[in-house]
Amino acid sequence: MTRRTDRYHVSKNNSLWHIYQTVPFFKVVKNFIVIEIARITPFLSVKNWLYRTFLRMNVGAKTAFALKVTPDVMFPEKIAVGNNCVIGFQTTLLTHEYLIEEYRVGEIHIGDNVMVGAQSLVLPGVTIGDGAVVSAMTLVHKDVPAGTFVGGNPMQVIREGTQKEEDT
């Protein structure tokens with residue numbers, strides 16, 4: 001399955017040399033400062049306020065971004081995270097890719113009650129469905145269906161659907 005990204009061809013130099021033609025310099029500077037403050041603050045409500053207010057991210061109620069999470073510095077406004085999610089330690093949420101002959105930009109949609117494990121990388125154009133679990137150190141390069149447990153590099157399905165233990 002192809003990720004949902006917009007693709008922009010560049011000529012001459014690799015696409016990263018065109019960075020400030022694709023995103024304003026002062027936007028990147030502001031985003032970098034806000035992200036670095038949020039990465040180290042221990043106050044979850046402050047992080048969410050910073051992300052919503054200054055980065056225009058859509059962050060649901062009671063969502064928790066762990067220490068050193070890095071949202072995309074170029075296009076953080078393309079990140080939407082649902083309610084009651086946990087985004088694990090040192091996870092990166094990328095909404096852009098700069099390649100040799102093109103760059104790509106895509107949204108990230110994370111549903112409600114999602115757990116993304118530590119040091120995972122979520123690529124642009126990906127949707128993670130409600131109730132999904134992403135194990136630590138996973139490269140999320142394609143959509144994750146609701147209720148699915150995935151992990152690894154490359155990401156693979158570990159368990160499909162929701163399996164809840166009932167007290168008897």
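Me: Is N113 buried, partly exposed or exposed?
Reply: This is a predicted model, so the answer rests on computed values. Buried means under 20% relative accessible area and exposed means over 50%, with partly exposed in between. N113 has a relative accessible area of 46%, and therefore counts as partly exposed.

Me: Where does N113 lie, and which residue does its side chain join through a polar contact of 2.9 Å?
Reply: N113 is placed in the loop between strand 10 (108-110) and strand 11 (115-116). Setting aside its neighbours within four places in sequence, N113 is in contact with N83, N84, C85, G131 and A132. Of the residues in that list, the one whose side chain is joined to the side chain of N113 by a polar contact of 2.9 Å is N84.

Me: How many Å separate the C-alpha atoms of N113 and A132?
Reply: A132 is one of the residues that N113 contacts once neighbours within four places in sequence are left aside. The two residues are 19 apart along the chain, and the separation of their C-alpha atoms is 7.4 Å.

Me: What is the phi of N84, and what is the phi of K68?
Reply: Most residues other than glycine have a negative phi. N84, in the loop between strand 5 (79-81) and strand 6 (86-87), is partly exposed at 44% relative accessibility, while K68, in the loop between strand 3 (64-65) and strand 4 (70-71), is partly exposed at 32%. Neither residue is a glycine, yet phi is positive in both: for N84 about 60 degrees, and for K68 near 65 degrees.

Me: Which residue is joined to P154 by a cis peptide bond?
Reply: Most peptide bonds are trans. P154 is found in the loop between strand 16 (149-151) and strand 17 (156-159). The bond in question has an omega of about 5 degrees, and the residue that this cis peptide bond joins to P154 is N153.

Me: Is T95 buried or exposed, and which residue's backbone oxygen lies 3.0 Å from a polar atom of its side chain?
Reply: T95 sits in the loop between strand 7 (92-93) and strand 8 (96-98). Its relative accessible area is 0%, so T95 is buried. Leaving aside neighbours within four places in sequence, T95 has contacts that include D72, F75, K78, I79 and R104. Among these contacts, the backbone oxygen that lies 3.0 Å from a polar atom of the T95 side chain belongs to F75.

Me: In which strand does L93 lie, and what is its relative accessibility?
Reply: L93 belongs to strand 7. Not counting residues up to four places away in sequence, L93 touches F65, T70, P71, D72, I79, I108, I110 and V122. L93 counts as buried because its relative accessibility is 0%.

Me: How many Å apart in space are L93 and T53, C-alpha to C-alpha?
Reply: T53 and L93 are 40 residues apart in sequence. From C-alpha to C-alpha, their distance in space is 18 Å.

Me: What is the radius of gyration of the protein chain?
Reply: The C-alpha atoms fill a box of roughly 65 × 35 × 20 Å along the principal axes. For 168 residues, a compact globule would have a radius of gyration near 15 Å, and the value for the protein chain agrees with this, being 16 Å.

Terms used: Residues are numbered from 1 along each chain as its sequence is written. This is a predicted model: local features need pLDDT of at least 70, side-chain atom pairs count only at pLDDT 80 or more; totals for chains, interfaces and linings use all residues. Side-chain values use heavy atoms; hydrogens and water are left out. The radius of gyration is taken over C-alpha atoms; the globule rule is 2.2 Å times the number of residues to the power 0.38. Helices (H or I, at least four residues) and strands (E, at least two) are DSSP runs, numbered from the N terminus. Buried means under 20% relative accessible area, exposed over 50%, partly exposed in between (1.4 Å probe, protein chains only). Contact means heavy atoms within 4.5 Å. A polar contact is a pair of N or O atoms within 3.5 Å; within protein, one must be able to donate a hydrogen and the other to accept it, and residues adjacent in sequence count only if both atoms are side-chain atoms.
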